[in-house]
Amino acid sequence: MDRLDQVTADGYLDKYEAAAEEDPMGALALLTGWLRTDWRPLFAELRARRPVLVTPGFVIVTRFAEVAEVLSRGEVFTVAGYAPRLEAAVGGPVMLTRDGTPMNWREKGLMQVMLPPGDVPRVRELAGRAADEALDAAWPSGRIEAVGGLFRRVCMAVCAEYFGFPGPDPGTLSRWSRAVMTDVTANLGGDPAIHTASVDAGTEMMGYLRGLLAERRAAISAGAVPPPQDVLARLLRTELPAELALDDQRILINVAGLLLGFAENASGSMVHVVQHVLRNPEIQRSVVRAAAGPGPEEFDRHVWEALRFDPFLKMIVRTCERDHVLAAGTPHETVVPAGSPVLAAVASAMFDETAVQDPGAFRLDRPAYIGLHFGHGPHACVGAYPGAAVVCETLRRLFRRPGVRLLPPPDGTVQRDRGVFPDRFLLGLDEKGM
Ligand code: HEM
């Protein structure tokens, strides 16, 4: 099957270091640009020559072992960097903004119970239904705008029906998610306008959720029949001893976290999988065969392997709380200085030849542990089961349609908000869109 040979293009590091001698900030801008445009060869070179690269702005970690260490050691590599932005938007601490606190332990455990693997069949059915409706609606035109017209549309349907968080309408839900997550993950320069837009959207969202909670409680007291079977309803029905129970504010923040953790990651990941598949004819043939098959397992393996080649989330950010030695006892032993933002490059780790056999080959027999799509360690994704179900089933329904194909630019080019979040990706369906 189509394979990607890892080219170690020696040259980025030398260019960066030469530039840094003259102008450290200019050199950092160069590196940041390569992280966007040349990440694959840049990471290959860093894994080989400097797996822990310390710069004046951040530290990049590129090998599997050290990426796993950074994401596992929450006492050293913390999520403190997320806190100011995410907490300002939702009005309090979130599990992704605190490390190892009693609140985190309790709420992560509780939310895992609320999002169990047993929900997967139901979530697949829901995502599949929403995807088929969107594809049926687009079919006569021979093309579909896959981001708004399919991927985000399915995510918002899941948020409404499964989480029990419909929002005033799907467009508003989608806007809240984008505004907050842009500030949390794509505002490295600290643009105050992006921050204000996030706080405004978050305030609006939390106000809506307070109203929703009041409505749901009133319906419960009135004995509404049948009670809704969604995650919010589960949270409201769960009776815990007083010292463990969540108050209303904690319930609302966790419900907000369902939307915020889900929509951008799921829709972005779907865009990346489709792009990779459609650019590689042999993989596409295999994907189409698997989508037509009786069960989802084989198809799902294609999804995660395709995403490994081009993950939507390429790096996970942590803050180093105290000087820490990475790659200890190896020729690459490096001190990560206290206070550094650390970029744990999961996209690179999943191509590390010391951890992943023949990483350039598209293989369906990879062990699950090499997949870092849902993070790793204490902050690994709490919604991994239903999240995976939505991504896989939506794509399975898409690839069951005949003639799914990339369109020539400009229509077929993925348009992104701030160069990060896919906003538009037109796909051809059947022969009419040619
Ligand atoms: C039902 C859908 C989903 C929900 C409710 C959800 C929610 C969350 C939450 C609340 C966290 C923070 C966990 C913590 O701090 O302990 C998280 C982490 C994460 N999620 Fe999800 N998520 C969903 C789907 C997805 C999908 C589809 C992807 C990617 C394919 C994804 C990737 C991640 C990653 C990489 C992290 C780790 C972030 C970090 O370590 O900084 N999630 N998710």
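Tutor: β9 is joined to strand β12 (residues 426–428) by two bridges, and the two pair in the antiparallel sense. This is a predicted model: local features need pLDDT of at least 70, side-chain atom pairs count only at pLDDT 80 or more, and totals for chains, interfaces and linings use all residues. Residues are numbered from 1 along each chain as its sequence is written, and side-chain values use heavy atoms, with hydrogens and water left out.

Student: What makes β9 and β12 a pair?

Tutor: Two strands pair if DSSP finds at least two bridges between them. β9 and β12 have two bridges, so they pair. Across this pairing, R405 stands opposite G428 in β12.

Student: Why are β4 and β9 said to stand at the edges?

Tutor: Take the sheet order: β4-β12-β9, an open sheet of three strands with antiparallel pairing. β4 (143–145) and β9 (405–406) each have a single partner strand, so one side of each is left without a neighbour in the sheet.

Student: How do you know that β9 counts as a strand?

Tutor: Strands are DSSP runs of E with at least two residues, and helices are runs of H or I with at least four; both are numbered from the N terminus.

Student: Why are α5 and α9 called roughly antiparallel?

Tutor: The axes of helix α5 (residues 83–90) and helix α9 (residues 170–186) come within 8 Å and cross at roughly 165°. Axes are lines fitted to C-alpha atoms, for helices over the stretch in contact, and angles run from 0 to 180 degrees between N-to-C directions. Angles under 35 degrees count as roughly parallel, over 145 as roughly antiparallel, 65 to 115 as roughly perpendicular and the rest as oblique. α5 and α9 are therefore roughly antiparallel. Their crossing is right-handed.

Student: What makes a space a cavity, and how many are there?

Tutor: On a 1 Å grid over the protein atoms alone, a cavity is a set of points where a 1.4 Å probe fits but cannot get out; a pocket is an open set with protein on both sides within 12 Å along at least five of seven lines. Two cavities of 30 Å³ or more are counted. The largest cavity has a volume of about 50 Å³.

Student: What makes a residue part of the lining of the largest cavity?

Tutor: Lining residues have an atom within 4 Å of a point. For the largest cavity, they include R152, R178, E264 and F312. α12 gives the largest share, four residues.

Student: How do you know that the lining of the second largest cavity has no charged residues?

Tutor: Its lining is V273, V277, V287, F299, H302, V303, L395 and F399. Asp, Glu, Lys and Arg count as charged; Ala, Val, Leu, Ile, Met, Phe, Trp, Tyr, Cys and Pro as nonpolar; the others, Gly among them, as polar. The lining therefore divides into seven nonpolar, one polar and no charged. α14 gives the largest share, three residues.

Student: Which element gives the most to the lining of the second largest pocket?

Tutor: α14 does, with six residues. The second largest pocket holds about 750 Å³ of space. Of its 27 lining residues, D300, W304, A368, F374 and A388 are the closest to its centre. By class, the lining has 15 nonpolar, three polar and nine charged residues.

Note on methods:
Points joined across faces, edges and corners; volume = space filled by probe spheres on them. Left-handed = near helix turned anticlockwise from the far one by under 90°.
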